[in-house]
Each structure stands twice: as structure tokens, then as C-alpha cells.
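Thanks for coming. Please have a look at the model on the screen, and then we will go through it part by part.

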Amino acid sequence: MAMQAAFAASMFPQLAQRRGSDRAVVVAPPAPAPVRVAMRSGGAAAAAARGVRCRASLIEPDGGRLVELVVPEEGGRREAARREAAALAHRVRLGRVETEWLHVLSEGWASPLRGFMREAEFLQALHFNAIRGGDGAMVNMSVPIVLPLGDAQRRAIEASGARRVALVDAADRPLAVLSDIEIYKHNKEERIARTWGTTAPGLPYVDEAITNAGDWLIGGDLEVIEPIKYNDGLDQYRLSPAQLREEFARRNADAVFAFQLRNPVHNGHALLMTDTRKRLLEMGYKNPVLLLHPLGGFTKADDVPLSWRMKQHEKVLEEGVLNPESTVVAIFPSPMHYAGPTEVQWHAKARINAGANFYIVGRDPAGMGHPTEKRDLYDADHGKKVLSMAPGLEKLNILPFKVAAYDTKQKKMDFFDPSRKDDFLFISGTKMRTLAKNCQSPPDGFMCPGGWKVLVEYYDSLTPSADSSKLREAVAA
């Protein structure tokens, strides 16, 4: 253990700087199990997480237990919950983003949170980027997970004295019951200013989910009637934290390193991920497993849609750019805020609950260009610095990106060497999109051919429909 800790400090100096985490987290491996490449979702693993502690061989979830809020099928309980919800006097209709947050909460990504935030939790998240758990310890929670409510519905619920409301979809179908409710003011300006550090117009999540939302918030404890499904051909990739932990145990993983992305994977990303695994092996781990975890909730209009990203990721594995035997590809159901250092804490915290003890962070994580000025909204280095200091993330090891670029001499993506800087070409996301839109090829070795073909096909699919500026994403069905 001491040797691994010393080696970790030399390979990843930032590990030694973390409060309460001055060595690599080294866990005892579970009993050997066969490697499984294929992944399929199922209800049993998620149901098993209810009220039980997770395997000691993986990093503990926040609060010590995974919260699982989906009603079990056994004994007709799910049908009884559906009847109960249908009989409730008050129904709160969920939009796309609210349904994605319901999905997040139902599976325990936000453990130990048990429902949409009440006011105390909202204020703690907004002002401290953390909430106090049942044991009194502060748990990282950097973005508010809240449910807006209109004034007329607020008055009706309060006048009736109701303590429970049904949450329904656009077709008025019950999805969940919210109990022991609390209604409080939705101070939008304060929420926006503290989450994004600006109230400038044009913030994508604000436009989508806050500006036209209700002026009140309703919080309480959730019972979700059944697992959230989207029926878009991708549900098999939407593995819950419990299912991911089960998959890591089956693969006999003794370390899990997570990579969050909302863009296609190029060979520079792949180099970083394979190099990370190599370094973890050198640290003494026997079977580090990569969680390649694309964000699957709301994204801004010019991001590549999830369905196309998943096709591209499949090609990356098919063509051997990443090793399927040491890679788990799954979809993270959270909506995207583009809130920089504030949001990246949420991305890291959620992966702890899925079993990851290492998290790869890059330049300007969860960032975007300023909506009204020609500059980045956040300092490119602040995300990784904040993660190394964030309260409640001490047990997670943060692995900053190495800078990768296209080596024109070697004709491949490689780590940047300042001593021969003129040999390297930096291909920005804007440049990559321009090439794909124009059906042009990038330099050989930038991206696997099948993956690049998918990207070109996506941009080509936008050309015929002049009236449609957005490709619609799936919504929960």
C-alpha cells in the first residue's frame, strides 16, 4: 500500500494535494469473475440496491448507501403505487428536463438525496455546493435539483392542505408520487447568478428550464412508479449506479476511472484513456476499468445529438481504438448546465455513486463560450483546480488531462511535446465540425475511420431540412 501511494504521488502529483486523500485509493479486488464485454440493462440490480450497502470492494457511495427510489414490482406494489398516484387530487406535469432529473434521482446518482430538494437542501447546494447528510457529514452537491411550480397550482395545493402530489408526463400519465411536500420561492436571479456566475442572456439551460419555469419550487420525498425509459434504442446503455457497480464487480475491477464527454471520441481522447489505464497498472492495480460515460440529458442545440454520439462511440470500440474488455460504455442521464467549475463537481460526485474512484478532468470542463462576449465563460484551468479542493470529493482521485495534439511527423495523436511544438497541430472542436460539415477528412490518425464517417453522416443529415434547426432528442416514454 505504501509503495502504491508513493508511486501514485509521483505519477499523479495532484493526489497528494487533496485534503483527506493523500494517497491513491487502493481497494481489495472482488472474487475473480469472467470478463464480460456485452452490457444489458435490467431491473434486478437496481432493485437490489434498495436499503443495502454496496460491495466493500468498490468505493462507497455518498452517504454509505445507494438511494434507489423506484417502487419494486414484488407483491403488486408498482401497480398499487400507480393507482394511488392516479387518485391524487393534484398533478404536477414534468417537462423534458424535469423528467431527466426524476430519472437521475430515481437511480441514486444524487445519493443521499431522496427527492426534489426542499428549501434547506436548495440553499445548501446553492451557497455551499454541498448538502448535509443524515449522519451530519457534508456531501458534495453543486447544482440544485429542483422542481418548479406555477403560482396557480401552488395556491391550489396550499389551500387543500395536500401533503402528496402526483408527478405526471405530458400525456398525464403518472410517473411518481412526491410526499411530505414543501413549497418555497424560486428566486431565479439568485439561482442563475450563483450557479453560472453570470445572469447574461443566452445560457442554454436557463433558457430551456428556468426562464419560463414557475416562480415556486416544490420539494419532497419521491416514489418513482417504474424505471424511466426512452424507447429510443439506447435504453440498454442507460445503466443505473447499481447496475454499473454490478458490471464492475463481474469484470473483477479493482479501480474504475470515469471519463465524461458530450462530444465524439477522437484518438486524442483515446490516447488519454489508454495512457491512464497504463499508469494505473503501473501503480499496482490489476484490472482498472474505464467508464466511458457520455452525457445523455439536455444539451445545447449545436452539440452532436446523443443517438449519433452513441453510434460514433460504438465504432470506436468496434475498430479497437478502445479495448471493449476493459471499457464499459453507458449513458449518464443528467441534463447539461454548461456551468463550468460548479457543474463539474456534480459530474464527479455522480460517478462516485456509480463506483468510480478516479475521474479524468480536462480543459474547461462543463464550460462554454460566453453567451454575449467573444471569450470563454470560465477560466480553462479552474475546473480541475476546484475538483482538487471541493468539499465532499476528498475520496475521489482527480486525474487532469495531459494535452494531446496531432503529431504531423508521426501522423497520429500524441501528447504535446513543447520542445518540438512546430510539429504539432491543434484541431479544435470548431475545426473538426467544419471538416465534417464539408464532408472533408481530418488528418490520418485523428479519429477512427468509422467514427468519422458517422460524424459526417450526422452533419449531412442536417442539410435537407432547411426548416429544422434542431434535431429532436428522445424524451422519456
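Which residues touch the most other members of the largest nonpolar core? They are L102, F116, L167, L222 and W346, in a core of 85 residues. Two remarks on the source before I go on. This is a predicted model, in which local features need pLDDT of at least 70 and side-chain atom pairs count only at pLDDT 80 or more, while totals for chains, interfaces and linings use all residues. Residues are numbered from 1 along each chain as its sequence is written, and side-chain values use heavy atoms, with hydrogens and water left out.

Now some terms. A nonpolar core is a set of buried Ala, Val, Leu, Ile, Met, Phe, Trp, Tyr and Cys residues joined through side-chain atoms within 4.5 Å. Buried means under 20% relative accessible area, exposed means over 50%, and partly exposed is in between, with a 1.4 Å probe and protein chains only.

Back to the largest core, with its 85 residues. Strand β6, residues 174-185, gives the most to this core, namely 6 residues. Helices (H or I, at least four residues) and strands (E, at least two) are DSSP runs, numbered from the N terminus. The core lies between domain 1 (77-224) and domain 2 (235-462), because both give residues to it. Those domain bounds come from an automatic or database domain assignment. Another core, of 26 residues, lies apart from this one, and its members include A270, L306, L322 and F358.

Contact here means heavy atoms within 4.5 Å.

Next is R262, in the loop between β8 (255-261) and α10 (267-282). Is R262 buried or exposed? R262 counts as buried, because its relative accessibility is 16%. The side chain of R262 makes a polar contact with the side chain of D303, at 3.2 Å. A polar atom of the R262 side chain also lies 3.4 Å from the backbone oxygen of G367. A polar contact is a pair of N or O atoms within 3.5 Å; within protein, one must be able to donate a hydrogen and the other to accept it, and residues adjacent in sequence count only if both atoms are side-chain atoms. Beyond its neighbours within four places in sequence, R262 is in contact with K300, D303, R309, M336, Y338, A366 and G367.

Now some backbone details. The peptide bond from S111 to P112 is cis, with omega near 10 degrees, and P112 sits in the loop between α4 (96-107) and α5 (119-128). N129, in the loop between α5 and β2 (130-132), has a positive phi, near 55 degrees, although it is not a glycine. N231 has a positive phi too, near 50 degrees. N231 belongs to the loop between β7 (216-224) and α9 (241-250), and is exposed, with a relative accessible area of 61%.

Last, helix α15. Its 14 residues, 449-462, reach 21 Å from the first C-alpha to the last, close to the 20 Å expected at 1.5 Å a residue. The expected span is 1.5 Å times one less than the number of residues. Among the buried residues of α15 are W452, L455, V456 and Y459. The cover over the buried residues of α15 includes α11 (306-318) and α14 (429-437).
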